Amino acid sequence: MKIPGPWSLFLLLSSFLAWFALAPPGGKSKPLINGAGASFPYPLYARWFAAYERLDGTVRFNYQEIGSGGGQQQLLHQIVDFGASDSPMRQSLPQTAPGKILHIPMIAGADALAYNLPGSPPLRLTPDVVADIFLGRIQNWNDSRLAQINPEIALPSLPLVVVHRSDGSGTTYIFTDYLSKVSSEWAAIVGRGTAIRWPSGIGAKGNEGVAGQIRSLPGAIGYLELAFAAQNRLPYADVQNCAGNYVRPSPESVTQALASSPLERGDFRISIANAVGPGAYPIAGLTWLLLYEKPPDRQKAQKLLAFVRWCLTDGQALASSLDYAPLPPRLRERVLASLPEIR
Amino acid sequence: MNDFQPDPSWEALPLAAETRSLTHSVGIGRILDQGFGFLAVGAGISVLALAALLGWELYQGAEEAIRRYGMGFLVSSHWDPVAGRFGALPFLYGTFVSSAIALLLAFPLSVATALSLTEFAPVRLRRPVLALVDLMAAVPSVVWGLWAMFEMVPWLRQTAFPFLQRFFGWLPFFQGSIYGVSLLAGALVIAMMITPIVTSLAIEILQSVPLTLREAAWALGATRWEVMRVAVLPYVRSSLVGAGVLGLGRALGETMAVTMVIGNRPEIFLSLFAPGYTLASVLVNEFAEATSEEHLSALFEIGLTLVAVTFVVNSLARLLIRSVPFFFAPRPLRTESMETSG
């Protein structure tokens, strides 16, 4: 049989239409919970979603790691059901929002100060030295102040090059939050933020970019998300904390920082940088889930809150396997008690 | 010709019958014809609409920054998201300088490659090399960036830059400390990325030169070099400039690879060894994590600026192309013909 061109086209189109019209509607409708935001905790969130979907088959998650800023914006415009952010929202932002936004701390992370020195000797740093390095004041590894705190190693005469993140990032927020706390000069000249005006050094994109620069540039020093520094086998420094001890970054020392940080503001937008505990690693920060206190869709909100409760209890065990620090029990209880009841 | 009669047996061929039914200006053929016309016009309009929508969206996003900073945005070099001060001059400078250097390096290289392939190399070589060039044009930006970061930058730092500094260190462009990542490294990676595209275009262009032109030059006793100079290049000069402009357009908007090697420092240094920043790089770096309204708005204005810069550069280049034939193209032919006759 020969069908002329135009008619075959018509047949093709009409068969498509018929297929769409007759096809059964897509499977049983599960509530799809949409989230967007920070990329720093994404590996853990992804694992949490997968594990929780196995536990509760009636819910599905969709999370876009578009960055903290994007997460905050999308929550404000009610495009997503929850946001995720590494930096707390400013006070001014929630006022433009349709309702009060809750900051729920999920886990904490730390920045390691990784470096490239011949022979990779162990390095110790004090807060004022870290601040002066990143302010561009210490420009050579043979600086007397570095030698003073590292008497056991022979530091070479090598130009010191600061490597920082060029992209806006929660890792940068944690680091600049720390520097603003330990150096009044840093706080005055630079300040804290996910993207800042760096006084010195070169910018590299992403943790992998910073790690790549440090690896290939002798004399480089930069901050990396702890998990990244550990996985890339870069040497990283012990940093002196408030109590005067040199502490190695690890999930445990970050949890200690969390345990010793006071809940001063009444909500959970707390900074855990430069914590007072004797074993606390000072360059650490929280990452938050952002939700509306009175969400428009109650059914979804109930499911979401159940998920948050699970993350803060059973889910916490997954954190340390990915080099994130779980919340200490006392903080966890307070967060759980603060979660709103939605019926 | 008019006494041509179609063979009656053609009627039996299904193809002929179908063609006839399509070409008839009545019935379904006419409807399809008109439908296609509408579709084509619609597609044409949608491109314009898309461009307008892009401009409008960017303008809306940037409105706050435009109101707040005015012209200061384009002439200030202070970019501080924490303090809420935004000036785009270092990005403009970095974009122009890196693209200009890249084009300066890539254009002669591309044209030379194309000439050697079309005029000198054996024809057997042409196809494989052409395929290779096209393959290079298809390499994703991020792959170039990774290669540049791990292979090119260390080589620049250890070998090329010290060499340049040793012999040309008296120039302000090659002074200061060497990190490897720098404005020059960014320019080099852009040059490498646009070279395959410009080369590919230049080869196409050179192949379009009519054989008769070449033969005429040969017949006048021209050498290979003279054939190229007298017959080939004048014929394609404006098209070659057009190929360069396309390369420049790509250079201005090049993002990922540049971001990985340029050092991302929003300051203007005279030295090419110092880190720099481009408009596209700051967008890709800061857009995702911009939390404040003024920061976001300033980034939108950066996007608007980038679109404007690309538009202006393309328009200028178009004007240049239009003026090129009048100023350059006919002259070599004429002088040459006078020389040969005289």
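In this predicted model, chain B meets chain A through 31 residues of its own, which are in contact with 33 residues of chain A. Which elements of chain B give two or more residues to the side that touches chain A? They are α1 (14-23), α2 (27-69), α6 (141-168), α10 (256-261) and α11 (279-286) of chain B. Sorted by class, the residues on this side of chain B come out as 18 nonpolar, eight polar and five charged.

Turning to chain B itself, its secondary structure is simple to list: 13 helices and zero strands. Chain B has 342 residues, and 34% of them count as buried. As for contacts in chain B between residues at least 6 apart in sequence, 76% join residues at least 24 apart.

One pair of helices in chain B can be followed in detail. Helix α8 (residues 211-219) of chain B packs against helix α9 (residues 224-253) of chain B at an angle of about 150°, and their axes are 9 Å apart. Because angles over 145 degrees count as roughly antiparallel, α8(B) is roughly antiparallel to α9(B). The crossing of α8(B) past α9(B) is right-handed. On the α8(B) side, the contact is made by Leu213(B), Arg214(B), Ala216(B), Ala217(B) and Trp218(B). Facing them from α9(B) are Glu226(B), Val227(B), Val230(B), Ala231(B), Val232(B) and Tyr235(B). By class, this contact of α8(B) with α9(B) has nine nonpolar residues, two charged ones and no polar ones.

Conventions: Residues numbered from 1 in each chain as written. Chains lettered and ligands numbered in written order. Predicted model: local features only at pLDDT ≥ 70, side-chain atom pairs only at ≥ 80, totals over all residues. Contact = placed C-beta atoms within 7 Å. Helix = DSSP H or I, 4+ residues; strand = E, 2+ residues; numbered from the N terminus. Nonpolar A, V, L, I, M, F, W, Y, C, P; charged D, E, K, R; others polar. Buried ≥ 20, exposed ≤ 12 C-beta atoms within 10 Å, placed from the backbone. Axes fitted to C-alpha atoms, helices over the stretch in contact; angles between N-to-C directions. Parallel < 35°, antiparallel > 145°, perpendicular 65-115°, else oblique. Left-handed = near helix turned anticlockwise from the far one by under 90°.
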